[in-house]
Amino acid sequence: VESSKPKENFFGPQDICSFDYLIFDKFSWQEVLAQYNLLIKSELEKKDYIEEAYQNDDIVILKNNNPGEDCIEEKSF
């Protein structure tokens, strides 16, 4: 089945601020990746339009109530 959306909508660099929901793993085989995920999550939660939608022992899902808004500053962590 051929998709009507261009391939670049599914592959390559994406702007996380354009998504309605963001899913972050709390655990990884590489612990530093899990730590980085939680750091990004905490930065996003500073925005008043991003809220926790769900959490369990393995993941956190954030809801972006303003997709397209600049939600995170580009910087080095």
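**Overall layout**

The model is predicted. Its chain contains 1 helix and 3 strands, and from the N terminus on these elements follow the order β-α-β-β. Strand S1 covers residues 21-25, helix H1 covers 31-44, strand S2 covers 50-55 and strand S3 covers 59-64. The chain has 77 residues, and 21% of them count as buried. Among contacts with a separation of 6 or more, 55% are between residues 24 or more positions apart.

**The strand pair**

Strands S2 and S3 run antiparallel and are joined by 5 bridges. A hairpin of 3 residues connects S2 to S3. One of the paired positions is Glu 51, whose bridge partner in S3 is Lys 63.

**The disulfide**

A disulfide is a covalent bond between the sulfur atoms of two cysteines. The structure holds 1 disulfide, between Cys 17 and Cys 71, with an S to S distance of 2.1 Å. The torsion about the S-S bond of Cys 17 and Cys 71 is about -90 degrees, so the disulfide is left-handed. Both Cys 17 and Cys 71 are buried.

**The nonpolar core**

Which residues make up the largest nonpolar core? This core has 10 residues in all: Cys 17, Leu 22, Phe 24, Ile 40, Leu 44, Tyr 49, Ile 50, Val 60, Leu 62 and Cys 71. At least two of the core residues come from each of S1, helix H1 and S3.

Not counting residues up to four places away in sequence, Ile 50 touches Leu 44, Glu 45, Leu 62, Lys 63, Asn 64 and Cys 71.

**Asn 64**

Asn 64 is found in strand S3. Is Asn 64 buried or exposed? Its relative accessible area is 1%, under the 20% limit, so Asn 64 counts as buried. A polar atom of the Asn 64 side chain lies 2.9 Å from the backbone nitrogen of Asn 66. Leaving aside neighbours within four places in sequence, Asn 64 is in contact with Cys 17, Phe 19, Asp 20, Tyr 49 and Ile 50.

**Salt bridges**

Side chains of opposite charge can pair when their charged atoms come close. How many salt bridges are there? The count comes to 2, and both are listed here.

| Lys residue | Glu residue | N to O distance |
|---|---|---|
| Lys 41 | Glu 45 | 2.7 Å |
| Lys 46 | Glu 43 | 3.0 Å |

In the bridge between Lys 41 and Glu 45, Lys 41 has a relative accessibility of 14% and therefore counts as buried, whereas Glu 45, with a relative accessible area of 30%, is partly exposed. In the bridge between Lys 46 and Glu 43, Lys 46 is exposed, with a relative accessible area of 62%, while Glu 43 counts as buried at 16%. Glu 45 is also among the residues that Ile 50 touches.

Conventions: Residues are numbered from 1 along each chain as its sequence is written. This is a predicted model: local features need pLDDT of at least 70, side-chain atom pairs count only at pLDDT 80 or more; totals for chains, interfaces and linings use all residues. Side-chain values use heavy atoms; hydrogens and water are left out. A disulfide is a pair of cysteine sulfur atoms within 2.5 Å. Helices (H or I, at least four residues) and strands (E, at least two) are DSSP runs, numbered from the N terminus. Buried means under 20% relative accessible area, exposed over 50%, partly exposed in between (1.4 Å probe, protein chains only). Two strands pair if DSSP finds at least two bridges between them. A nonpolar core is a set of buried Ala, Val, Leu, Ile, Met, Phe, Trp, Tyr and Cys residues joined through side-chain atoms within 4.5 Å. Contact means heavy atoms within 4.5 Å. A polar contact is a pair of N or O atoms within 3.5 Å; within protein, one must be able to donate a hydrogen and the other to accept it, and residues adjacent in sequence count only if both atoms are side-chain atoms. A salt bridge is a side-chain nitrogen of Lys or Arg within 4 Å of a carboxyl oxygen of Asp or Glu.
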